[in-house]
Amino acid sequence: MEQQTRIQVIEDEINIRENIQELLEAKGYVVRVSPNGKQGVLDAIDFKPNLIVCDVMMPKMDGYKVLEYVRKTSIIQNTPFIFLTARVDKNDIRQGMDLGADDYLTKPFTYKELLKAIESRLKRQQKIIGEYAKVKHDLDTTVFATYYHEFNTPLHGILGGLNLMLNARDSFNEQQVQELLTSILKSGLRLNHSLANLMLFEEIRRAEVYPELLSMFTEGIAKINWVQKVKTELQTMSKEIYNRIDDVVIDLEAAEVRMGGEYLQRIILELVDNALKFSKRGAKVYVTGSANGDEYRLEVKDSGRGFELQSLGDIAPFKQFNRKRFEQQGLGIGLFLVKRLTELNNGDLRITTSEGEGTQVEVNLLSAENRVSNITQATVAFA
């Protein structure tokens, strides 16, 4: 059953109040009336009207104060609000508009004018609600679909591969068994990568709400052994996921960097992952890094698909560039994580990219010895 529209009338003059109630109920609206502003606020919280019609001049609490309370109360703060007033002073109208009034009706008014004002505001509110619902649905659907695809696809590969191994292994030769195990490993690594990114995203989002948690991302030091860990991870990624171990050329100088080792490693892995994902097999991906005084410079370079990027503000969670034209793996949060980790550690991110010509990303980081505000330059490129 379609829910009837609820309208609240706050008016201290009994004749006007009852006449408006009778008119609106005759039009099919559910109406609640309140004899003064104070009662009106309490009734609005209980009634949750779709629209409020309120007199300006009332005892106990005037209409402006009512509107102020309504706009501060989350459960009713977006309710359309129409003032009834015998005063037409521009300053009074401006005061009401500043507080968030949607319309004014000057007494005396006709019932036709009242109904037109109400219907107009209800239609506008319904349009806003509809647009918001559509945007929210599109966002939720996109994010959910991305989650589902990115988790379900590798999980299906793991379960399917294991099922074949358990029930039909005798029908495979040794090479086929090895290929099947490699496929299962690839799916597992992909799933682990997606889950790790999602966990980090949630940790950063929580820290943005509770600033006391930000130190988790800002107080670490990447010790010299981070280089060997990165090399191992890059070799595993390039070999097991992309079968491109010869495409990744690594030349990283060991030095301490003012960033937690796991986060520095994540930045490099994400950017190289993009480089491999969006470039062709056989195209080299160069990963270099060197210390220079207070700076540490990273550079990862390749030529590949590239993408259109107007500014760093375009980098957002769950946003994948050129997705409409190219099928892509991933959650669409890797580059966003790179951006936020760099920002949280007083770094600077610069991206130069264009379609068909590859991409270059510069991440400027502080060295571990630099405890002031200097920013170390680092370049990471991906296609």
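Colleague: Which element gives the most to the lining of the second largest pocket?
Modeller: That's α9, with five residues. Keep in mind that we're looking at a predicted model here.

Colleague: Okay, and which other elements give two or more residues to that lining?
Modeller: Besides α9 (261-277), there are α6 (174-209) and α8 (226-241).

Colleague: What's the volume of this second largest pocket?
Modeller: About 330 Å³. It has 13 lining residues, and the closest to its centre are Leu189, Asn192, His193, Glu233 and Leu269.

Colleague: How does that lining split by class?
Modeller: You get five nonpolar, four polar and four charged residues.

Colleague: Now the largest pocket. How much space lies in there?
Modeller: About 490 Å³. Its lining is made of 21 residues, and Asn50, Leu122, Gln125, Gln126 and Ile129 lie nearest the centre. By class, that lining has seven nonpolar, ten polar and four charged residues.

Colleague: Switching topic: I clicked on Glu240. Where is it, and is it buried or exposed?
Modeller: Glu240 sits in helix α8, and it's buried. It has no salt bridge, though. The nearest side chain of opposite charge belongs to Lys239, 4.1 Å away. A salt bridge needs the nitrogen and oxygen within 4 Å.

Colleague: What is Glu240 in contact with, leaving aside its neighbours within four places in sequence?
Modeller: Thr182, Leu185, Lys186 and Leu189.

Colleague: Which residue does Glu208 form a salt bridge with?
Modeller: Arg340, with the closest N and O atoms 2.8 Å apart. That pair links distant parts of the chain: Glu208 is in helix α6 and Arg340 is in helix α10 (residues 334-344), 132 residues apart. Glu208 is partly exposed, at 42% relative accessible area, while Arg340 is buried, at 14%.

Colleague: And what about Glu343 and Arg340?
Modeller: Their side chains meet in a salt bridge as well, at 2.5 Å from N to O. Both residues lie in helix α10, three residues apart, which is about one turn of the helix. Glu343 is partly exposed, with a relative accessible area of 38%.

Colleague: What links Asp103 and Arg121?
Modeller: A salt bridge between their side chains, 3.8 Å from N to O. Asp103 is in strand β5 and Arg121 is in helix α5, 18 residues apart. Arg121 counts as buried because its relative accessible area is 14%, under the 20% cut-off.

Colleague: Last one: which residues are linked in a network of salt bridges?
Modeller: Glu11, Asp55 and Lys107.

Note on methods:
Residues numbered from 1 in each chain as written. Predicted model: local features only at pLDDT ≥ 70, side-chain atom pairs only at ≥ 80, totals over all residues. Heavy atoms only, no water. 1 Å grid on protein atoms, 1.4 Å probe; cavity = no way out; pocket = protein on both sides within 12 Å on 5 of 7 lines; lining within 4 Å. Points joined across faces, edges and corners; volume = space filled by probe spheres on them. Nonpolar A, V, L, I, M, F, W, Y, C, P; charged D, E, K, R; others polar. Helix = DSSP H or I, 4+ residues; strand = E, 2+ residues; numbered from the N terminus. Buried < 20%, exposed > 50% of the residue type's maximum accessible area, 1.4 Å probe, protein only. Lys, Arg positive; Asp, Glu negative; His and termini not counted. Contact = heavy atoms within 4.5 Å.
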